[in-house]
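Hi there,

Here is the structure I promised to pass on to you. Have a look at it first, and then read my notes below.

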Amino acid sequence: MRTTVGWQAGPAGAELHQVPLERRDLRPDDVAVRVDYCGVCHSDLHALRRDGRDTSLVPGHEFTGVVTEVGSGVTRFAAGDAVAVGNIVDSCGECPMCERGQENFCHEFPTLTYDGTDRHDGSTTLGGYSREYVVREGFTYPLPAGLDPAAAAPLLCAGITVWEPLRALGVGPDSRVAVAGLGGLGHLAVKLAVALGAETTVLSRSADKAEDARRLGAHDLIVSTDERQLAAARDRFDVVLDTIAVPHDLGPYLKLVALDGTLGVVGYLGPVTVPMMDLLAGRKRLGSAGSGGRPATAEMLAFCAEHDVTADIELLPSKQVNEALERLGRNDVRYRFVLDLSDLS
Ligand SMILES: NC(=O)c1ccc[n+]([C@@H]2O[C@H](COP(=O)([O-])OP(=O)(O)OC[C@H]3O[C@@H](n4cnc5c(N)ncnc54)[C@H](OP(=O)(O)O)[C@@H]3O)[C@@H](O)[C@H]2O)c1
Ligand SMILES: [Zn+2]
Ligand SMILES: [Zn+2]
């Protein structure tokens, strides 16, 4: 075993605290990554607040860093390479989903970067709020030159989670896209949809983010609590991508979907009730997605490098992790906290 340092949850309600962590010795296809920057995803908050969660939880599943060591069979990386790792670190590699490059939908469930179960030794994975991570090379991505490593970290969860559905739904220059919830996922969805050429609108609870929406490239912001604005936008969007972090009624968002369009829900993933009539009137579709497969992740990183897309971040030393989580919980972030792990040694 090798030892590193990270931020661990502890008992419910306690703040994350710094602890020594063990990482496995490198298997032939592993790389060791010095984690430099890790984004703070709302899923980390959900995981920390989940009833009955493990006290050993170490969150963090969108990070960038540098390879420090490679296993004997590694061919794609060498020490010193800049890399990025997302929220999936392994999958079966053999099921129909894996064969299609959709490791995110692996029939054996992909191994998550934290709170997942390692396929070889059965250990619980510990995330990227730490100085080192050991990961299969196949789930490690070269960080394209030109992308700022801190601002690129959120691409590996927030970015890919919105990229894959935007692409799968064929978003391009002729599309009208609305993004509900302007947070970590939402602001990247806006940037990516705009870069894909779509006419893009933000749906937000107030007009507070209108200027930001325009700066991000959106054409418009609709206040989702304003009935008049919603009524005026009825049936307007080919794709509504819903990144809202809490349970909510999908009805008002389905009304904004155009004939044969899609409401893609990637934010809140619990049960929802939808009257079929809300889909019937307009032959509308309801879908979801999560994370991305390896081909789509690589494609997204290349696209971001070409179009200069990264997250708008507030970079904090990792010792301020509890402040970041607390502020994220009350929506006080524009638009992603990223932890600088260099204060861990
Ligand atoms: N599918 C996946 O694989 C996947 C991956 C990553 C994250 N997620 C999930 O996606 C969600 C968003 O994550 P994030 O990191 O982008 O979170 P975030 O930065 O906190 O953004 C969430 C946005 O939701 C809106 N919102 C928050 N509270 C709301 C409320 N009470 N009513 C209505 N809208 C509200 C806000 O937008 P406005 O202020 O603009 O209204 C907020 O900016 C989380 O639930 C997360 O777990 C899913
Ligand atoms: Zn995430
Ligand atoms: Zn599989």
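Which residues come nearest to ligand 1? They are His42, Gly181, Gly183, Ser204 and Gly290, out of 29 residues around the ligand; a residue is near a molecule if its C-beta atom, placed from the backbone, lies within 6 Å of it. Helix H1 (42–49), helix H4 (158–168) and helix H5 (184–195) are the elements that give two or more residues to this shell (helices are DSSP runs of H or I, at least four residues, and strands are runs of E, at least two, numbered from the N terminus).

A word on the numbering and the model: residues are numbered from 1 along each chain as its sequence is written, and chains are lettered from A and ligands numbered from 1 in the order in which they are written. This is a predicted model, where local features need pLDDT of at least 70, side-chain atom pairs count only at pLDDT 80 or more, and totals for chains, interfaces and linings use all residues.

Now for the domains. The domain assignment, which is automatic or from a database, gives domain 1 (2–157 + 292–343) and domain 2 (159–288). Their contact takes 19 residues from domain 1 and 15 residues from domain 2, counting two residues as in contact if their C-beta atoms, placed from the backbone, lie within 7 Å. On the side of domain 1 that touches domain 2, helix H10 (residues 294–307) gives the largest share, five residues. The C-alpha centres of the two domains lie 27 Å apart.

Why does ligand 1 lie between the domains? Both domain 1 and domain 2 give residues to its shell, so it lies between them.

Happy exploring!
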